[in-house]
Amino acid sequence: MSDLLATSAIGTRQVRLDGPDKVRGRATYAYEHPVDDPLYLCPLLAMIARGRAATIDTSAAEAADGVVHVLTHENAPALQSTDDAELAILRSPEIGFRGQYLGAVIATTPEQARHAADLITVSYVQEDHDVELREDHPASRPPESGGGDVTVGDVDSALAEAAVSIDQRYSTPMEHNNPMEPHTTIARWDRGELTLWTSTQGVHPTRSTLAPILGLEPDQLRIVSPHVGGGFGSKGVPHADMMLAALAAKAVPGRPVKYAVTRQQMFSITGYRAPTLQHIRLGARADGTITAFAFDAVSMSSQTKEFPEEATKPARMMYAGDNRRLTQRVVPLDVPVPSWMRAPGEAPGMVGIEIAMDELAVASGIDPIELRVRNDPENDPDTGLPFNQRRLVDCLREGAERFGWDERSSQPRTRRDNGWLIGMGVASATYPAGRQPGSVARIRRTSDGYEVAIAAADLGTGTWTALTQVAADSLDVPIEQVELQIGDTDLPNATVAGGSTGLASWSAAVLAAAETFRREHGTDPASGAQSQGEAQANPAAEKFALHSFGAHFAEVRIHAATGEIRVNRMFGMFSAGRIVNPRTARSQFIGGMTMGLGMALHEKGELDPRFGHVVNHDLAEYHVPVNADVAEIEAAWLDEEDPQAGPLGARGIGEIGIVGAAAALANAAYNATGVRVRDLPLFGDAFLPR
Amino acid sequence: MDHPLNLTVDGQEHTLAVDPRTTLLDALRDRLGVMSPKKGCDHGQCGACTVLVDGRRLNSCLALALSHDAAAVTTSDGLATDGELSPLHRAFLEQDAFQCGYCTPGQVCSAAGMLQEAADDAPSVVTEDLEAPVDLTDEEIRERMSGNLCRCGAYVNIVAAVSQAAEESR
């Protein structure tokens, strides 16, 4: 256990420091960096899901007004590495998914680029494609990376002997991150060096990925991203759009090339949450104690590049059970490349697990909160390690009190109001409390304060503000004396804003730098004095299973005649260690829960098996929650600090808000209607009288 | 062929020539470097590009620039007078009514337009009494702000901010 940092700025409801610029629209997002004489890119996309482009006739496009260059696999610049098939674009005419890049037009205006791209004609040699995920798909196999299967005891015998059992299938659909700012890059090559003004959750990790592919030394590639218009994982790793902009710019050295991915293109280019199929079997004693826990999950992946959506991940540590069996499989199909979306693994996995727990509660006649309390393990069932702070039960009980759980009827269809059936549901939340080593912070004394430099990212997560608060307390100075610099590879290394590790990891670097600075320069340093420090791995990770927990409560109403489902209110109670900024933290929790509402009720990419594309590929047809969908959402947290998280005592909060939220809504819908929906999203037709 | 266009943006007059295919949003961002309105979908589905044109809120990505010759466009930046944040801006800050900030200038313009519509007693689909003065309940605000998506999920705080600004302007 380490000593906790004394706090002054930490824990205060500081208003966002980047806020005044953001409300006026003065913060500089990727597209908005001032550059001289830009060119504009419009891509050419594959219109088949599998096969090849036999010919690409670019002659009309090249002759069109304003066109400067047309890029295809026939003239694309060489790459140093082609191992990553998502990023090594324009190498051949082969097509692995519909919407794949086949080329690009670069022109003087966006209108000219778009018009010219329309003039390109492609003749295809089409092959049969397969984009349909099924549990018994012959291509199903274990993921290349991942946790591996778990077999403990004898699940089948335990299920056969169980007093109560559940054997059900659940599914989660294709979901799309859809940050409001589309993935955008301005690329400019200048004397063999490349600058990318882009939108990313990590400038250094992005450089580490792209530089070797482009054959550049790290110092030949600069990436700038001070403000990120949302990401939710899709900007966590670079996607093909950044490569397209980089390759296009190489063809026009000295000229900046601007490329904002269109909303439609985002559905095939910038990653998405792969659909999952979940077969869950639970066996329990009459008192609800789980004796058998079996979870067999299958997720869709891409032939182009594998990404497993590991729904079984939370099953490893969530509940106890002497007999356990967890299997994770992927089915690679002719589809776009899936990637991170807010709480990959946990978010879909906790849909099946937490609905199954609700079903077990019904089957055993036990209150769903009490059932979870009875199955709360002492140690991590996966590793056997003690938990850092497993306060799930506190979240459930405190949350139930604040939400008014005692108003709930355990019998479905018993609460009615003017044609609406009303129900309440609960679900647990969890997310790992990770901290990454390797971030470096540099602190420099200036004439009137301290400059703190670290190439962290703020994608709405509040980094500009919260990391300034951490720096102020690390140096024991008021926040007005701290000038934070983030989002540029010219600043010291920072790990990615992903996996809810950002603030904890960067803060460890800032704390280390401040300690070194005070040791080297004392409390009255001369202007120009400078030190840096590096974040180390959290030593507690070897002795403890580090996780955050929470409990979601929801009340919904469903119209008895039409099946329309509306959310009356949601409440989330979380245990996340010390909260650095209560104002922005509340927003982040609520934001995760709001996205959970979308997951529960709205979001589904409809992949057309005939053509292999997402048909509803825009914001009119891929529904995300709008203001009128969200009535009352509130979040609160246990007043605590986590000594195992390091001196900051804080754990990440970017993802836990979505985990379990959808299940709480599905369970509330069951409580309202008696209809158990096991496939997200919950559309109204499921509740129509049959 | 480019055609002449006059626009007044946040009080500043501009004369330029644009391609007839150019949207008002692209004219602002690509031609005039006015980056306060954002492009989120380019299809009028997200509201990030909302500006006030002659006082009314408008999705500038759905408007052709040449259809708005001589128009007065106000962006969220232009709602700040002499560099001072407007009451609406301050309410967004105090209520933390945004996270990433990308939809925010559009939300602010939409809120400004909506507050005026409500002050003019224009009813919405959830208004019970079409003849009575509009009472800006949370339900009314939610309905009237639903053309502006926020993927960070700041809606509850946006409602609080708009409500606060409405109270203050009373």
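Two residues are in contact if their C-beta atoms, placed from the backbone, lie within 7 Å. By this rule, the contact takes 45 residues from chain A and 49 residues from chain B. This is a predicted model, in which local features need pLDDT of at least 70 and side-chain atom pairs count only at pLDDT 80 or more, while totals for chains, interfaces and linings use all residues. Residues are numbered from 1 along each chain as its sequence is written, and chains are lettered from A and ligands numbered from 1 in the order in which they are written.

The model scores ipTM 0.98 and pTM 0.98. The predictor's confidence in each residue is called pLDDT and runs from 0 to 100. For chain B the mean pLDDT is 97, and 100% of its residues reach 70 or more.

Return now to the contact. Helices (H or I, at least four residues) and strands (E, at least two) are DSSP runs, numbered from the N terminus. On the side of chain A that touches chain B, the elements that give two or more residues are helix H1 (19-24), helix H3 (110-118) and helix H13 (582-601) of chain A. The largest share of that side, 7 residues, comes from H13(A). By class, the side of chain A that touches chain B has 21 nonpolar, 14 polar and 10 charged residues. Here Ala, Val, Leu, Ile, Met, Phe, Trp, Tyr, Cys and Pro count as nonpolar, Asp, Glu, Lys and Arg as charged, and the others, Gly among them, as polar.

Helix H3 (residues 104-119) of chain B has 16 residues, and from its first C-alpha to its last it reaches 22 Å, close to the 22 Å expected at 1.5 Å a residue. The expected span is 1.5 Å times one less than the number of residues. A residue is buried if 20 or more other C-beta atoms lie within 10 Å of its own, exposed if 12 or fewer, and partly exposed in between, with C-beta atoms placed from the backbone. H3(B) is mostly covered, with 12 of its 16 residues buried. What covers these buried residues includes H1 of chain A, together with helix H2 (87-94) and helix H5 (155-169) of chain B. Just after H3(B), B:Asp121 takes a positive phi of about 60°.

Chain A also holds a sheet. Two strands pair if DSSP finds at least two bridges between them. In chain A, 5 strands form an open sheet in the order S16-S17-S22-S23-S24, and the pairing is mixed. Its edge strands, strand S16 (416-417) and strand S24 (632-637) of chain A, each pair on one side only. Strand S17 (residues 420-432) of chain A pairs with strand S22 (residues 547-559) of chain A in the antiparallel sense over 13 bridges. In this pairing A:Pro432 stands opposite A:His547 in S22(A). Of the 13 residues of S17(A), 12 are buried, so S17(A) is largely enclosed by the rest of the structure. S16(A) and S17(A) pair in the antiparallel sense over 2 bridges, and A:Arg416 stands opposite A:Leu421 in S17(A).
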